[in-house]
Each structure stands twice: as structure tokens, then as C-alpha cells.
Amino acid sequence: MEMRRLGRTGLSIAPLVFGGNVFGWTADEKTSFALLDAFFDAGFNAVDTADVYSSWAPGNKGGESETIIGKWLKQSGRPRDSAVIVTKVGSELGPDRKGLSRRWILEAVEDSLKRLQADYIDLYLSHWPDPDTPYEETLAAYETLLSQGKVRAIGASNFDARQLRDALDVAAAKGLPRYDVLQPEYNLYDRASYDGALRNLCIAEEIGVITYFSLARGFLSGKYRSHKDLEGSARGGGVEKYLDGHGMRILGVLDEIAEETGAKQAEIALAWIIAREGVTAPIASATNLDQLVSLVKSAELKLSEDAIRRLNEVSEEKEVLSNFST
């Protein structure tokens, strides 16, 4: 399996990260164990989660995903250093249990470590920008965790170019650790927030990038093509926005390339991201072993220059039309 350097963190990961948001939600503990075993057996080595996963599921309160990952790692017998565990802090878990203050980071990391049954977290991310906490306070808290060995590297999710630039500048000015990884939303449908200034900054600063919603909440699998297809789906509400002309045009090109290559639409959509300059690896999840087999194939799929060109063109249409309308 090809391993890719994750920015300046010193970590190396395979070109696909398993999305742990499904653990404790659409995948129960037994299924989650089987999925993780198969994923790691296939040569992959990184799983992404957050302290808030999967609080949105009925009866959950957050921490379910981390708990399942911790149980799996314990019972699997795998060496701790064989898994790169990515988790996040900052999303709301209750009153005074959110944000990026020093107090909450130092408390939240202990909770995550207990759930993960681990001595350290490989990559700890600020889940969202926190306008109420100075970058210096947040980065100083991470400095403490790094010095204690509880965290190996830090990064940020959902930061725009200005926020990431400001955080990097504060780190440099104050001699604090910097964000070495970014986790942005990025896929064939949603490109505008990362492509451009933010992507250029990550490339220039050698920042590792792992993308989320890489399959647009499952839309790019081709499974959802009408509102009727959303009925009964746990993801239905999140997928609905993609059922527009832009989304249908992208599916049309994915269908064409699938016919030409024999690959599935999801495999093609992920292979496109894997091939993008400025991306280390996309995050994608599966809820059954058949889906997982398809994810594995995406890391091996090499798209032709013509296929990449067609996907680039159709996925850029939304941004072009938006600019024209203004």
C-alpha cells in the first residue's frame, strides 16, 4: 500500500481514511469491528472520528464512535502504532463543553483518551473555529498536550484561508506549535471552499489535507438520484441539496466513466480526490463489507487524463455559474 506523508506531522497514512462518523449510528459495534478489521487488513492505517460522533443518533450523547474504536483496537490485538487515530475537539457536547479554550481542550482530551483506551492521539484537530478564544490560547493548550505526549500532531477542520493563515502567523510569532493538517469539506460537488486560496496555502505551507464529505454524504455513489431514493435513508436530509442540475451533471459524467472503466461511481469520485494536488487522502465511510470493498478499490484506481479533465470540467460548472450570476 502506498503511504503518503501527512504534511510535516511525521505521520504517514494510506491514501484513504476510514470515516468513523458511522460507528454507533448506521453501523453497530459488531459491524464496526468487522469494517475496521477489513479496512486495516487491506493495508490502510487511519481512522477519523470526533468526540461529538455520533451524538445526532437517537439515544446517543457523543463519544460513541471513539468508544467503539477504542474497544476494537483493544480486542483486535493490533499494536497501537499500527493505527493512526484522528479525533477532534470543539463541537458542542453540552453547556461549557465546547470550543477551543485551554480549559476545555485539556478536559476533552482526557475524555477522548479514556474512550479510545489509548495513551495518545495521533492527530488532534480543532473541529471548528472558535471566535471567542484567541489562537494563542488554543495553540498553547496543544503545546502542553504535545509536550506530555498525549497528542502527536495537531490540525484544524473547517478553517478558511484567512483563519488558517492567522493561526499559522500566531504560531510563528509566539513560538507555538502550528496546525500541520487541515480537514476541509471537499468533493466533486463542493469544491469552492477549498480550491483557490486555501488549497494554495496548504500546498505552500506543506500542510497535510484529509477531506471530509468526500462522497457528498453518499450522493456521489450514484445511489440517490431522486427524492424518492431518499425515503427511509438515515442520510436523506443531508443528500437532498445535491439533487439539482449540477449534481445530475456530475453523476452523468461519473456514469460515463463507470461504463468505460468498470469502476463504480464512488470509486471514481474518490480516485479523483486522491489524484488531486494538495490532498493527502479523502475520508470515506462504509456501513457494510460490500461498500468497503468498493472503497478499497478506489485507492488502486488510476484515472486517465481524459477522465480527470472531464470530472474537473463538470465539477467546476457550479462555481462558474455562480460567478456569472453575480
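Visitor: How much space lies in the second largest cavity?

Guide: Start with the general idea. Rolling a probe the size of a water molecule over the atoms shows where empty space is left. In this predicted model, the second largest cavity holds about 30 Å³ of space.

Visitor: Which residues line the second largest cavity?

Guide: Its lining is made of L6, I13, V17, A46, V84, V86, L123 and I210. Sorted by class, that gives eight nonpolar residues, no polar and no charged ones.

Visitor: How many cavities of 30 Å³ or more does the structure hold?

Guide: There are two. The largest cavity has a volume of about 50 Å³.

Visitor: What lines the largest cavity?

Guide: Look for L100, P129, D130 and T133, among others. Y135, T138, F159 and Y179 are also in the lining. By class, the largest cavity is lined by five nonpolar, two polar and one charged residues.

Visitor: Now the helices. At what angle do α3 and α4 pack?

Guide: Helix α3 covers residues 102-116, and helix α4 covers residues 135-148. They pack at an angle of about 35°. Their axes lie 9 Å apart.

Visitor: Is the crossing of α3 and α4 left-handed or right-handed?

Guide: The crossing is right-handed.

Visitor: Which residues meet there?

Guide: From α3 come R102, I105, L106 and V109. They meet E137, T138, A140, A141, Y142, T144 and L145 in α4. The residues of this contact divide into seven nonpolar, two polar and two charged. Notice T138: this residue lines the largest cavity and takes part in the contact with α3.

Definitions and conventions: Residues numbered from 1 in each chain as written. Predicted model: local features only at pLDDT ≥ 70, side-chain atom pairs only at ≥ 80, totals over all residues. Heavy atoms only, no water. 1 Å grid on protein atoms, 1.4 Å probe; cavity = no way out; pocket = protein on both sides within 12 Å on 5 of 7 lines; lining within 4 Å. Points joined across faces, edges and corners; volume = space filled by probe spheres on them. Nonpolar A, V, L, I, M, F, W, Y, C, P; charged D, E, K, R; others polar. Axes fitted to C-alpha atoms, helices over the stretch in contact; angles between N-to-C directions. Helix = DSSP H or I, 4+ residues; strand = E, 2+ residues; numbered from the N terminus. Left-handed = near helix turned anticlockwise from the far one by under 90°. Contact = heavy atoms within 4.5 Å.
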